[in-house]
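Hello,

Here is the structure you were expecting.

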2 protein chains.
Amino acid sequence: MPFLLLKDLPRYECLLEAANDFPELDPSAAEAYLHLLHTGDEVFGVSDRSLAGHNISHGRFGVLMLLWRGVQPRAAKLLGADACTPGPRTPAELADACKVTRATMTGLIDTLERDGYVKREPDPVDRRMMSVLLTPKGVEFLTEFLPGHFKVISALMSPLSEAERKTLVHLLGKIQQQASRLHPKHEAVPAATV
Amino acid sequence: MPFLLLKDLPRYECLLEAANDFPELDPSAAEAYLHLLHTGDEVFGVSDRSLAGHNISHGRFGVLMLLWRGVQPRAAKLLGADACTPGPRTPAELADACKVTRATMTGLIDTLERDGYVKREPDPVDRRMMSVLLTPKGVEFLTEFLPGHFKVISALMSPLSEAERKTLVHLLGKIQQQASRLHPKHEAVPAATV
DNA sequence: GGCTGAAAGTTAGCCCCCTAACGATATTTG
DNA sequence: CAAATATCGTTAGGGGGCTAACTTTCAGCC
């Protein structure tokens, strides 16, 4: 919930006027950009508060959700994954799935383990690796927390009709695609090796 | 850019299927929610990288923008403010405008001052207060950075038509309103004092 | 069989965010 | 006027991100 910009967003007319002084400024683009970040922040905040009551952060929540597949195969569906393929186990896999560095994942697992939600176990065959497992307390948290969380999400989106939700997802998809085009993760390997 | 959830979003069909196991889950709401956070994160990341090249974070950027009004009244328009009213000056005002705590603002000003973008001056009349001022280096950063930043924003939103941008802002507005309804900042004072 | 290199996880150090508690100063009030 | 209260900015300590460097272990190649 802490991430950004200003409390009060400029109105479109202000941006329009400002564009006189800043030729590179596209008022409607800036308006959409600011609203996207602002609303995202607000929604993130609501969801965060819902988690914070249980002393869980979004990062920790992601880890627990991913690990849940190990004990509840039906959870795989929630994550958009094939129920047959095994879920992530090692810190490296978890870091990848959560889009965090391995160093950050070490920290997350540290506190989750300290708080009893998770347990580390050494891999019997490759001694470099660890397996991370959900404890009963971790499972209990998820089963108690998720229904309420789903209700919060449902409430958040309740002002939008089904059609509006589809439209929103569609528009966000376009932006998302453009955003990932603007920062190629692997810098577009030239593919000219032979 | 670091804030959330999973790398791969579940597809709608998966959520639909998952709703069989979780009666509280509203698939279209969850889909919209996940896309909103994911896209917001992605867009935030692009913008963040654009700032990071200058060793500036979003928090620091917000402070610089707010202080800019002190030297460039035309900047007020960008912030949606009346050009006549003076901009924020003290750490407390800046913290309020940036939606961060005063403690956080102390930290931001500390590093901005250390890097030479900003200067603290004691208030001559109220000795509890400080005034924060932009240095020439701070002004230089903004004038050099903003045009490129505007271009990035423009590029991000380029896949959307004017009509689509309006629609997006409208839909986000509904969600934003609902979100602030779900976490009343001041817990809805009953207003029954007399 | 013994180097070399890659991979897993961790550590150390920094940034930005938070809450809580604090000294210093103003203001209100008895 | 003096005491209580409020406000300003800061400090202390913690969480969760990051990068860079390190240790341990495995795999490949003379």
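A residue counts as buried under 20% relative accessible area, as exposed over 50%, and as partly exposed in between. E121(B) has a relative accessible area of 32%, so E121(B) is partly exposed. Keep in mind that this is a predicted model.

E121(B) pairs with K119(B) in a salt bridge, with the closest N and O atoms 3.0 Å apart. K119(B) is also partly exposed, at 39%.

Salt bridges with shared partners also link D26(A), E162(B) and R165(B) into one network.

Two further pairs cross between the chains.

First, K166(B) and E31(A) form a salt bridge through their side chains, at 3.5 Å from N to O. K166(B) sits in helix α8 (residues 162-182) of chain B, and E31(A) in helix α2 (residues 27-52) of chain A. The relative accessible area of K166(B) is 42%, which makes K166(B) partly exposed. E31(A) has 10% relative accessibility and is therefore buried.

Second, K99(A) meets D41(B) in a salt bridge, 3.6 Å from N to O. K99(A) is in the loop between α5 (91-98) and α6 (102-114) of chain A, while D41(B) is in helix α2 (residues 27-52) of chain B, so this pair joins two chains. K99(A) is partly exposed at 30% relative accessibility. D41(B) is buried, with a relative accessible area of 5%.

Over all chains, the count is 22 salt bridges.

Best wishes

Notes. Residues numbered from 1 in each chain as written. Chains lettered and ligands numbered in written order. Predicted model: local features only at pLDDT ≥ 70, side-chain atom pairs only at ≥ 80, totals over all residues. Heavy atoms only, no water. Salt bridge = Lys/Arg side-chain N within 4 Å of Asp/Glu carboxyl O. Helix = DSSP H or I, 4+ residues; strand = E, 2+ residues; numbered from the N terminus. Buried < 20%, exposed > 50% of the residue type's maximum accessible area, 1.4 Å probe, protein only.
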